[in-house]
Amino acid sequence: MTTTVITNIGSLVTNDPALGEGPIGLLQNAAVVIDGDRIAWTGPAASAPDADEAYDAGGRAVIPGFVDSHSHLLFAGDRTQEFNARMSGRAYSAGGIRTTVAATRAATDEALEANLTRYLAEALRQGTTTFETKSGYGLTVEDEARALRIAALHTAEVTYLGAHIVSPDYADDPAAYVALVTGEMLDACAPYARWVDVFCEKGAFDGDQARAILTAGKAKGLHPRVHANQLSYGPGVQLAVELDAASADHCTHLTDADVDALANSATVATLLPGAEFSTRAQWPDARRLLDAGVTVALSTDCNPGSSFTSSVPFCIALAVRDMGMTPDEAIWSATAGGAAALRRTDIGRITPGARADLALLDAPSHVHLAYRPGVPLVSEVWRQGKRCR
């Protein structure tokens, strides 16, 4: 396999404290050697070994590719009118999902896949090299299974979210819908998914329903994730910890007991500031979580209703500006934190043996992601060792 040395890196975020300064393992005047689809060497540019090819980073900063561990990209239509109304004063609620359900059911497989690949390309241009995505806008056996089948063509991180809301078809019989989600629908969807998720929230599924859905998913070999405590205080975080969920996502309304539970577990708190931005809701308190020792991830929650952004850099800027994170904490959470939320050790870092996923910034430091919000700083992306833009 061809080896490539990327040299003349102004600053390099490795996310390995053994390689550089602080928790993000920051190196100045660095180099990286790629062998095939893996990182072979990381260190000072002056000590870089020879390689078959050389690439000059021109003094730019290099960071790990972003790991977007929470998105909803299998959908059709948009909800412009809903967003416009909400920005005019209407409060957000889970009910808007039904609009997307109707559009998604009416879409062809080809239209759904074209929409998915459009947003994946958009995310890649902004430095995202790994993404998770969910079903949840079909809410029938056939529509949930086809969403996951399409998603599995593009990522290994596929999540079954038949329990997004109670299907409109079962509005008068939620118990029957839970039975469908844990039975026939799960059987059809499990072959395409790695994860099972549930929206544990008022207007969606309560704690008992969520436990039944996640437990059924685990019995089929799917690992839990939980939409937890987004709109109100509730049982979602405690349930996530109880079931060893990889992540509790949103985590906006937390008690001290919730924070303690997360701090003493392997469950990652995945924060999704795009949702708060787009709904004018209360910001998650990242500082509280970090100070308690909770592992935190940052993700986009890209979806057509409450967070229609595919930009991890935008979410980093929000987290630094409005959620109490430092730039170092935010970059770690959007890379290594996202990897932890997917229980992956091969991504989210630039260390020997890791997958060769990285982004070059038109800036001397990763701090510019928050310092220059809204500016398209990602100039090049390498994914699995290949320069793809």
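Strand S1 (residues 3–13) is largely enclosed by the rest of the structure, because 9 of its 11 residues are buried (under 20% relative accessible area, with exposed meaning over 50% and partly exposed in between; 1.4 Å probe, protein chains only). The model is predicted, so that local features need pLDDT of at least 70 and side-chain atom pairs count only at pLDDT 80 or more, whereas totals for chains, interfaces and linings use all residues. Residues are numbered from 1 along each chain as its sequence is written, and side-chain values use heavy atoms, with hydrogens and water left out. Helices (H or I, at least four residues) and strands (E, at least two) are DSSP runs numbered from the N terminus.

Strand pairing (at least two DSSP bridges between two strands) links S1 to several partners. S1 and strand S2 (residues 26–35) run antiparallel and are joined by 8 bridges; here Val5 stands opposite Val33 of S2. With strand S4 (residues 53–56) the arrangement is parallel, with 4 bridges, and Ile6 has Tyr55 of S4 as its bridge partner. S5 also runs parallel to S1, through 2 bridges, and Ala61 in S5 is the bridge partner of Ser11.

Aromatic pairs (rings of Phe, Tyr and Trp, the last by its six-membered ring, with centres within 6.5 Å; planes under 30 degrees apart are stacked, over 60 edge-to-face and the rest tilted) number 8 in the whole structure. Tyr55 and Trp382 form an edge-to-face pair, at 5.6 Å centre to centre and 75° between the planes. Because Tyr55 belongs to strand S4 and Trp382 to strand S17 (residues 378–383), this pair ties together parts that are 327 residues apart in sequence. Tyr55 is buried, with a relative accessible area of 15%, and Trp382 is buried at 6%. Elsewhere, Phe75, Tyr119, Tyr137 and Phe308 form one aromatic cluster. Arg225 lies over the face of Trp195, at 4.4 Å from the ring centre; the criterion is NZ of Lys or CZ of Arg within 6 Å of the ring centre and within 35 degrees of the ring normal.

In helix H13 (residues 327–334), the buried residues are Ala330, Ile331, Ser333 and Ala334. These residues cover an arc of only 165° around the axis, which puts them on the same side of H13; the arc is that of the directions from the helix axis to the C-beta atoms.
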